[in-house]
Amino acid sequence: MLRALIPLAVFALIGLVLWSGIGKDPSILPSTLIGSPAPEFSAPDLRDPSRTHSKASLGGAPYLLNVFASWCPTCRVEHPILERYVRERGLRLVGLNWKDDAEAGLAWLKQFGDPYSDILYDPSGRIGIDFGVTAAPESFVIGADGTVLYKHIGALTVEDMETRVMPLLQGATP
Amino acid sequence: MKTFWFLFLLALAPALWAIEPLDFADRSEEVRFQKLLRELRCLQCQNQSLADSEANVAGGLRQEIHRQMQSGKSDDEIKAFLVARYGEFVLYNPPVKQSTWLLWFGPGAILLLGGLALVVHLKKRGQPATAAAASTDDW
């Protein structure tokens, strides 16, 4: 009888809705920035405050913008991986020292190594707001023309570097 | 009694540490600020509003919203500023559009379907042809 199919149909419908949610991490939000120009910024360098960085001064070649802070434990996880890619693969790595204290940030770099070519110092977190940063670490692949090509939330792994970051950086090279 | 009040006030202290002090021109501005914060989601601990969250990023956003309010921005302008950076997820009341139809109308549709099924079922039960079946249900 047709009536007997009703519970089955309801079950199938509920199953379909729940199935579509499996494997999705609700804490990962799509970035509104990807594919659009990176926000304008201007910040002193953490290591040499007399130098000022801006979107224009860093442009010209693609780079990975890495949001880090001395208070961020997960940053220590990805740090050796980033360092290795700078050393072995010539990764252009720009830091964004976010909501940190300059002294603590510099001490952290002394302890764990400093692979950054330039470091934006953003103690108030204002630049982070413009980039839509919710927590450290986060990383952005910025193209030579200043377009945001990719956003990664959380620690970068070797797999992330190989499958997403490096292909985008190499593809972005004119 | 003194000890009681001392302990009572001490127990309230964490509530003061959670929210950084901000200056307001008058009471109505503070009410407007608090109302706006409750409509915005903290991006780090996603089931808390910006008003409740102690997350690092929430404190920074509260200060930024306060600063924009002081410079005369309207609630809608501040929301647009946040949506441009963090996406529509930041709003607890997302706008009605095609991608949010299921969210807005789904529960109503399910209620309607369930109600229809119930009506159909009850009508069938009321018919005399099912009297025999009804007597076995009667317990």
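## What covers helix H4 of chain A

Strand E4 (93-98) of chain A is part of what covers the buried residues of H4(A). Helices (H or I, at least four residues) and strands (E, at least two) are DSSP runs, numbered from the N terminus. This is a predicted model: local features need pLDDT of at least 70, side-chain atom pairs count only at pLDDT 80 or more, and totals for chains, interfaces and linings use all residues. Residues are numbered from 1 along each chain as its sequence is written, and chains are lettered from A and ligands numbered from 1 in the order in which they are written.

## Two faces of H4(A)

H4 spans residues 102-112 of chain A, and A:Gly105, A:Trp108 and A:Leu109 are buried there. Buried means 20 or more other C-beta atoms within 10 Å of the residue's own; exposed means 12 or fewer; partly exposed is in between; C-beta atoms are placed from the backbone. The three lie on the same side of H4(A), because they cover an arc of only 95 degrees around the axis. That arc is taken from the directions from the helix axis to the C-beta atoms.

The face turned away from the buried side carries exposed residues: A:Glu103, A:Ala107, A:Lys110 and A:Gln111. After H4(A) comes A:Gly113, with a positive phi near 100 degrees.

Chain B has six helices and zero strands. Of its 139 residues, 13% are buried.

Eleven residues of chain A are in contact with 13 residues of chain B. Contact means C-beta atoms, placed from the backbone, within 7 Å.

How values were computed. Two residues are in contact if their C-beta atoms, placed from the backbone, lie within 7 Å.
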